[in-house]
Amino acid sequence: MRIAIGGVLHETSTCVDTKTTLQDFEHDRGIIRGDDVLSRFRGTNVCTGGFIEGAETFGFEAVPLLRASAFPGGLIDRGDYDALKAEFLQRLTDAEAEGGPVDGVLLDLHGAMVVEGIDDGDGDFIAAVRTAIGPDRPIIVTQDLHGNHTKFRVAQADALIGFDTFPHIDMAERGVEAAEMMVRTVRGEIHPVTAIYQLPMFWATRCQVTAHPPMDEVIRLMHDMEQRPGILSITIATGFPWADVPEVGGSVMVVADCDVDLAQRTADEFGNWIWERRQRWYSAPVTIKEALAAGEAAGRYPIIVADHADNTGGGSPGDSTEVLRTFLEQGLEDALVLYMVDPEVAAQAHAAGVGASLAVSLGGKSSPVQGAPIEATAEVVAISDGQFAYDGPMFAGLTGSMGTSAWLKIDGVSIVVVCAREQPFDPAFARSLGIDCAAMKYISVKSAAHFRAAFEPLAGSIYNVDAAGIHTHNFRDLPFKKRTRPVFPVEIPPDT
């Protein structure tokens, strides 16, 4: 049995002006080709790593094509996307010419990819693979919990399997699940069919953390329903509101064995259960000052505030300044900001050297929405080339680079200044600069929830805050032109 593996992954924000280009794919998370896919991702906690583990466990040949991934950002350049898609398809053609037809394709995609002129990037990619291999060979797709899933992509694939966790610590596990389903499909043991129920709602990020209420109730019900006869897999997707596409929003997808009516009935049942309880998945935005006051009242340290409106993991620029400004105005000591994206100040710190004192204009350079720069005198405590290894549960086994980076200190507030728009998945990079996050009293992370996988064990209290930023969670302020339906809690207000 020969199964092709690979994919193009991107979480696309239409709220930012910058394009995502082939250069971003090459220099961010990388374009990995051919056999390098096996060596790069074997043993890693991503879906492709799970595909490889599945090949070794279930005894099929994984035929590696191409896996391309870039940091979340703006619309993908159409020509660059077409080039990646064409290369993937050519590698599929070449692999079949050299080793014979593949029996199926396992695709590692995201679910919120948007390309210039293509609202459903993931659907377009799946459709291209379907055209290449025809209607009879299976395509099984793994996708992020934050996909904006469409009826079109469901029609192109045999099965779509989404993550069960947020933070995403089960990516490899879902890859193994997809690999096992593929093997059983090729052997003729099952015939997966998928149905979708689209939820007209934007799910508050702080209500999506799967290990905590209220989201844990959703996941428990989902797992219970997966045990029903004939059901192979169920996915809940909470959507990605910062993509202006027609079918933006949450969804439920159910994979059943042979019975599309069973799949649709189950999706409808689960989707209706979620919709009837929609108030539970909504939480009004909290300001940074409200969060700090609540944390001080609770007295549990470190107080971690998630600056989710500037979550670089969703494509935001990473240079908003309201949280840092508030930390400084309140005279906080033992405070830390992870991270501030500012290549100019990072280069300035490297030129000055460790121990130097320099005048900085920090952050606030990408957009007026992100706030004005912080004008201050900063001490250079440490510098780095940005290379490090993740050691938290989410990307364990992978290396990363923050680019030219520095640990700066302004009064009692430390700031890690970086060049890469990457969120702090774990404390590993801060540790590489000599920072002990557990010793801090206040920590701000430019992240929505992924930081929790590694930071929760050391946190005293955690608050998501909606400071000034492009990716506001006040969904009524987001610019929508293409959305085709009213959603909760925008046109359909809370408490209705």
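**Figure 1. The two domains meet across an interface.** In this predicted model, 21 residues of domain 1 are in contact with 24 residues of domain 2, where contact means heavy atoms within 4.5 Å. Domain 1 covers 2-280 and domain 2 covers 288-465 of the protein chain; these bounds come from an automatic or database domain assignment. The C-alpha centres of domain 1 and domain 2 lie 31 Å apart. The size of an interface is often given as the accessible area lost when the parts come together. Here, about 1800 Å² is buried between domain 1 and domain 2, with carbon and sulfur atoms giving 59% of that area. Buried area is the accessible area (1.4 Å probe) that two parts lose on being put together, summed over both.

The model is predicted: local features need pLDDT of at least 70, side-chain atom pairs count only at pLDDT 80 or more, and totals for chains, interfaces and linings use all residues. Residues are numbered from 1 along each chain as its sequence is written, and side-chain values use heavy atoms, with hydrogens and water left out.

**Figure 2. Helix α4 packs against helix α5.** Two packed helices are described by the angle between their axes and the distance between the axes. For α4 (residues 78-99) and α5 (residues 121-133), the angle is about 30° and the axes are 11 Å apart. Axes are lines fitted to C-alpha atoms, for helices over the stretch in contact, and angles run from 0 to 180 degrees between N-to-C directions. Helices (H or I, at least four residues) and strands (E, at least two) are DSSP runs, numbered from the N terminus. α4 and α5 are therefore roughly parallel. Angles under 35 degrees count as roughly parallel, over 145 as roughly antiparallel, 65 to 115 as roughly perpendicular and the rest as oblique. The crossing of α4 and α5 is right-handed. A crossing is left-handed if the near helix is turned anticlockwise from the far one by less than a right angle, and right-handed if clockwise. From α4, Tyr81, Lys85, Phe88, Leu89 and Leu92 take part. They meet Gly121, Asp124, Phe125, Ala128, Val129, Ala132 and Ile133 in α5. The residues of this contact are nine nonpolar, one polar and two charged. Ala, Val, Leu, Ile, Met, Phe, Trp, Tyr, Cys and Pro count as nonpolar, Asp, Glu, Lys and Arg as charged, and the others, Gly among them, as polar.

**Figure 3. Helix α3 crosses helix α7.** The axes of α3 (residues 47-58) and α7 (residues 171-186) are 7 Å apart, at an angle of about 45°. That makes α3 oblique to α7. Their crossing is right-handed. Residues of α3 in the contact include Cys47, Phe51 and Phe58. Those of α7 include Met171, Val176 and Val183. The contact of α3 with α7 has nine nonpolar, three polar and two charged residues.

**Figure 4. Helix α8 lies beside helix α9.** The axes of α8 (residues 215-226) and α9 (residues 260-276) come within 12 Å and cross at roughly 165°. That makes α8 roughly antiparallel to α9. The crossing is right-handed. α8 contributes Glu217, Val218, Leu221, Met222 and Met225. α9 contributes Thr266, Glu269, Phe270, Trp273 and Ile274. Seven of these contact residues are nonpolar, one is polar and two are charged.

Figure 5. Tyr301 and Pro302 are joined by a cis peptide bond, with omega about -5°. Pro302 is in the loop between α10 (288-298) and β10 (303-307). A cis peptide bond also joins Phe488 and Pro489, with omega about 5°. Pro489 is in the segment after β19 (461-465). Asp334 is not a glycine, yet has a positive phi of about 55°. Asp334 sits in the loop between α11 (322-329) and β11 (335-341).
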